[in-house]
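Here is a short briefing to read alongside the model.

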Amino acid sequence: LHVEDKFFLVSVGELNENKNHIVVLQALKKMRDSGEDISGIVYGICGDGFFHDRMREWIDEMGLQDNVRMFGYCMDVRPIEGCADASVFPSLREGLGMAALEALAMGVPLIASDNRGTREYMEHQKNGYVCNSSSPESFVEGIRFVQGLEPEARRKMQKYCRESVMKFDKKYANEIMRHVYQEEMRNE
């Protein structure tokens, strides 16, 4: 994958209605239709599912064939995610969102929907950009925000991305669970 000269966005997740990839397609179309040159933007989608054929149709209908790459199901998304300028996480609903946490752990800023799961770790304009899941305009703002970061601000955000997920590290989760089980045993 050669994206050195492109602004590379990536989403990881099953292709279904809840994952809401369409809002990102609508955002890209809105940018292009407003006269913005989006030839330097590539949106990669890692995943497969029920909406695969519908996604292809939307891409064609919106004329985004030059901007969107469907990678299909990927056993290891790290090489793709590691090339990304931002990870887009447009889900309508999420429990926690491991794909988002993994992106942050790699220092990749998120452009993410505001939902129950992302509220656990997203900090608007610190580790990415928080969007309204039903608003293509909101995703346009998020794309422009991350794309417009100066190099020093980008480095600072990448560092903060990694720090923002430390509380989800396995060693901390194990310690919390140990306390939960100990408390439960005392209450028996």
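What volume does the largest cavity have? In this predicted model, the largest cavity has a volume of about 50 Å³. The count of cavities of 30 Å³ or more comes to one. Rolling a probe the size of a water molecule over the atoms shows where empty space is left.

**The cavity and its lining**

- The residues lining the largest cavity are S11, V12, G13, K19, H21, V88, F89, P90 and S91.
- Two elements, strand 1 (7–12) and strand 4 (86–89), each give two or more residues to that lining.
- Sorted by class, the lining of the largest cavity holds four nonpolar residues, four polar ones and one charged residue.

- You will find N115 in the loop that lies between strand 5 (110–113) and strand 6 (128–131).
- Is N115 buried or exposed? N115 counts as buried because its relative accessible area is 3%, under the 20% cut-off.
- The side chain of N115 has a polar atom 3.1 Å from the backbone nitrogen of G117.
- The backbone nitrogen of T118 is also reached by the side chain of N115, at 3.0 Å.
- With neighbours within four places in sequence left aside, N115 is in contact with S91, L92, R93 and E94.

**Where the two topics meet**

- S91 is one of the residues that line the largest cavity, and S91 is also among the contacts of N115.

How values were computed. Residues are numbered from 1 along each chain as its sequence is written. This is a predicted model: local features need pLDDT of at least 70, side-chain atom pairs count only at pLDDT 80 or more; totals for chains, interfaces and linings use all residues. Side-chain values use heavy atoms; hydrogens and water are left out. On a 1 Å grid over the protein atoms alone, a cavity is a set of points where a 1.4 Å probe fits but cannot get out, and a pocket is an open set with protein on both sides within 12 Å along at least five of seven lines; lining residues have an atom within 4 Å of a point. Grid points are joined across faces, edges and corners, and a volume is the space filled by probe spheres set on the points. Helices (H or I, at least four residues) and strands (E, at least two) are DSSP runs, numbered from the N terminus. Ala, Val, Leu, Ile, Met, Phe, Trp, Tyr, Cys and Pro count as nonpolar, Asp, Glu, Lys and Arg as charged, and the others, Gly among them, as polar. Buried means under 20% relative accessible area, exposed over 50%, partly exposed in between (1.4 Å probe, protein chains only). A polar contact is a pair of N or O atoms within 3.5 Å; within protein, one must be able to donate a hydrogen and the other to accept it, and residues adjacent in sequence count only if both atoms are side-chain atoms. Contact means heavy atoms within 4.5 Å.
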